Amino acid sequence: MAAWGLGVLTAAALAAAPSLWIALEKDGIHDPANPGIKLLQQPAEALAPLPRDSAGNMVRWVQALESGAINPRTNILPETKVRLLDQDIIVSKFGSMPAVKFPHRQHTLWLDCSNCHPFPFADKAGANKFSMSAILNGEQCGLCHGAVAFPLTECNRCHSVPNESLRRRTATP
């Protein structure tokens, strides 16, 4: 099995992993003198078996989810109805950047609709005014991206639809 594949960690994987993730004792958040720190799982141990990314926390979370490497809870409260929405929405058309494609499926695989609707996003087409300034300030998409999801420096992951392809589809004959 490859060192970074799913399954049991090899000695080589464990040796290489600490360079990617900071040990809890050195992260500036956890108290290294607290004896309870030994009870916590180190990031390298937890994250090394997951599919590798080149940015952020170095994990491709959607790939980990789709491959079965992780299986997050779909709900905490038993009465919560899980709704999977397999619909892509083009958020921004004809700007200087490629348009944004928002994939509902990847988000609703592990987030309930109520995580985003009605706040920070109204669930009505055209009702949301997106702003890169707001996103970069930790609002809108920036609530998660840049925190727990891939970072905002990965522009092409969202801005992925060439504007030219949209103009052809929407042009009237």
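The legends below describe close-up views of one predicted model.

Residue numbers start at 1 in each chain and follow the written sequence. In this predicted model, local features require pLDDT of at least 70 and side-chain atom pairs pLDDT 80 or more, while totals for chains, interfaces and linings use all residues, and side-chain values rest on heavy atoms, without hydrogens and water.

**View 1. Overall layout of the chain.**
The chain contains 7 helices and 3 strands, arranged along the sequence as α-α-α-β-β-α-α-α-β-α. Helices (H or I, at least four residues) and strands (E, at least two) are DSSP runs numbered from the N terminus. Of the 173 residues, 22% are buried; buried denotes a relative accessible area under 20%, exposed one over 50%, and partly exposed a value in between, with a 1.4 Å probe and protein chains only. The chain exposes about 11800 Å², and carbon and sulfur atoms supply 59% of this area. Accessible areas come from the Shrake-Rupley method with a 1.4 Å probe; for residues, only the protein chains shown count as cover. Among contacts (heavy atoms within 4.5 Å) between residues at least 6 apart in sequence, 47% join residues at least 24 apart.

**View 2**
An open sheet is formed by 3 strands in the order β1-β2-β3, with antiparallel pairing. Its edge strands, β1 (88–92) and β3 (159–161), each pair on one side only. On average, neighbouring strands of this sheet are turned by 60 degrees against each other, direction ignored. The axes behind such angles are lines fitted to C-alpha atoms, for helices over the stretch in contact, and angles run from 0 to 180 degrees between N-to-C directions. Strands count as paired if DSSP finds at least two bridges between them; β1 and β2 (residues 99–103) are joined in the antiparallel sense over 4 bridges. K101 in β2 is the bridge partner of I90. In a regular strand, side chains alternate between the two faces of the sheet. The hairpin of β1 and β2 has 6 residues between the strands, and F94 in the turn has a positive phi of about 65 degrees.

A search of the whole structure finds 1 cavity of 30 Å³ or more. The largest cavity holds about 50 Å³ of space. Its lining consists of T74, V82, R83, T108, L109, W110, L111 and D112. On a 1 Å grid over the protein atoms alone, a cavity is a set of points where a 1.4 Å probe fits but cannot get out, and lining residues have an atom within 4 Å of a point. Grid points are joined across faces, edges and corners, and the volume is the space filled by probe spheres set on the points.

**View 2. The loop between α4 and α5.**
This loop runs between α4 (104–108) and α5 (132–136) and includes A125. P118 and P120 also belong to the loop. The peptide bond from H117 to P118 is cis, with omega near 10 degrees, and a cis bond with omega of about 10 degrees joins F119 and P120. Most peptide bonds are trans. A125 counts as exposed because its relative accessible area is 81%. The C-alpha atoms of A125 and V91 lie 9.3 Å apart, with a sequence separation of 34 residues.

**View 3. The loop between α2 and α3.**
L50 is situated in the loop between α2 (43–47) and α3 (61–67). With a relative accessible area of 7%, L50 is buried. L50 and A64 are 14 residues apart in sequence, and their C-alpha atoms are 6.1 Å apart. M58 is found in the loop between α2 and α3 as well. Although M58 is not a glycine, its phi is positive, at about 70 degrees. M58 is classed as buried because its relative accessible area is 18%.

Most residues other than glycine have a negative phi. The relative accessible area of Q140 is 17%, so this residue counts as buried.

Key. On a 1 Å grid over the protein atoms alone, a cavity is a set of points where a 1.4 Å probe fits but cannot get out, and a pocket is an open set with protein on both sides within 12 Å along at least five of seven lines; lining residues have an atom within 4 Å of a point.
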